[in-house]
Amino acid sequence: PDIERLGVHESVELVFPPSELAEYLSELPVDVAVVGDDGIDSCDAVVTLEHRDAFLELEWVHSIQAGVDRFPFEEFEERGVLLTNSTGIHDRWVGETVAGYLLAFARRLHRHVANQQDRQWEQPEWDDGFTLPGTTACVVGTGTLGSGVAEVLGSLGVRITGVRRSGDPAEGFEAVYASEDLNEAVADADFVIVTLPLTEETRHLFDADVFAAMRDDAYFVNVGRGPVVDEDALIDALEADALAGAALDVFETEPLPEESPLWGLEEVIVTPHCAAFTEDYHRAVGDLVRENVERFADGEAATNRVA
Ligand code: NDP
């Protein structure tokens, strides 16, 4: 693509201030400006969180997220609009958040924070707490997020297995299962951690069968996408004590509706789709955008292309 004017779409403000990214990219040899919906047609390319149909008139759209399930791939392909994503940057950020969930469960920190809201001095049972070394985590999805989770948890002594479509080995994973062996993969794990994208294959992959295959003292973590999980089946399993608890950053409906039972379950940690939030987010996205602008100038193919 031949880019003269790059817009930073205002929808990125849900993750960082658009002006911070525009400022970070101000040295690029193209015009960079923050744009709202009425400014899209003045650009050849945009960096964005959300999709707008007006983007289909542009040359290039860059998603600040790794997950691109909100974009209509086929229309991008039909119109010849290049779509790139931000996979590759969230490994450590999400890995540390997941480590936080596991440490909270093991050391009971979520219960203490909840009790503090009520000014309640309540010690846990002597045998409620445990430590992470020697526990096992099955990380479903061995890509950027999965590798970051494996690296951070590995450094805390957690033994890591993984699941990916092929079942081929992956660095940082003691064993890797193919996705058709998911039930076997999750069966012995203390923690099952979902880092999958939402695709036709992964929608409701985690259903009542998978929860039944998990140990009833296991914790479930989802930092991939909400609809990868059948949320009603998860709630049933939690309410029946067929799982020990869950930490969830993503949900079938976001924001999580006020009436969802997940808010009120003691062994559930709810975070508002922010597992990857960090003060460095705009810089990491900016570096990906810069790399592609330079590649286009050199006549090279885009990195992180998804359509
Ligand atoms: P990657 O593309 O690096 O990794 C995705 C992994 O999923 C790959 O290793 C792929 O392995 C595996 N995979 C895909 N389909 C299947 C399947 N059907 N069964 C088993 N494994 C599968 O992406 P990222 O790690 O960067 O991001 C993953 C997702 O996490 C994003 O799409 C996004 O939805 C979500 N995300 C959430 C964030 C948050 O804030 N909570 C932040 C960033 C991302 P293989 O190809 O070998 O099958």
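## Contacts with the ligand

A backbone N or O atom of Thr144 sits 2.9 Å from an oxygen atom of the ligand, a polar contact in the sense of a pair of N or O atoms within 3.5 Å. In this predicted model, local features need pLDDT of at least 70 and side-chain atom pairs count only at pLDDT 80 or more, while totals for chains, interfaces and linings use all residues. Residues are numbered from 1 along each chain as its sequence is written, and side-chain values use heavy atoms, with hydrogens and water left out.

Two further contacts join the picture. A side-chain N or O atom of Arg164 lies 2.8 Å from an oxygen atom of the ligand, and a polar backbone atom of Thr142 is 3.4 Å from a ligand oxygen. Around the ligand there are 25 residues (a heavy atom within 4 Å), and Thr87, Gly143, Leu145, Arg164 and Arg165 come nearest.

## Strands 7 and 8

Let's turn to a strand pair. Strand 7 (residues 159-164) and strand 8 run parallel, joined by four bridges; strands are DSSP runs of E with at least two residues, and a pair needs at least two DSSP bridges. Thr161 has Ala175 of strand 8 as its bridge partner.

Strand 8 (residues 175-178) has two faces: Val176 and Ala178 are on the covered one, Ala175 and Tyr177 on the uncovered one.

## The second largest pocket

This pocket holds about 170 Å³ of space. A pocket here is an open set of points on a 1 Å grid over the protein atoms alone, with protein on both sides within 12 Å along at least five of seven lines, and lining residues have an atom within 4 Å of a point. Helix 4 (109-117) and strand 12 (268-270) are the elements that give two or more residues to its lining.

The lining includes His110, Arg111, Trp263 and Glu266. By class, seven lining residues are nonpolar, two polar and two charged.

## The cavity

How many cavities of 30 Å³ or more are there? The count comes to one, where a cavity is a set of points that a 1.4 Å probe fits but cannot leave. The largest cavity has a volume of about 40 Å³, and Asn222, Glu231, Phe251 and Leu262 are among the residues lining it.

## Asp128

Asp128 belongs to the loop between helix 4 and strand 6 (136-140). Its relative accessible area is 33%, so Asp128 is partly exposed (between buried, under 20%, and exposed, over 50%, with a 1.4 Å probe and protein chains only). Asp128 and Tyr177 are 49 residues apart in sequence and 31 Å apart in space, C-alpha to C-alpha.

Technical notes:
Grid points are joined across faces, edges and corners, and a volume is the space filled by probe spheres set on the points. Ala, Val, Leu, Ile, Met, Phe, Trp, Tyr, Cys and Pro count as nonpolar, Asp, Glu, Lys and Arg as charged, and the others, Gly among them, as polar. A polar contact is a pair of N or O atoms within 3.5 Å; within protein, one must be able to donate a hydrogen and the other to accept it, and residues adjacent in sequence count only if both atoms are side-chain atoms.
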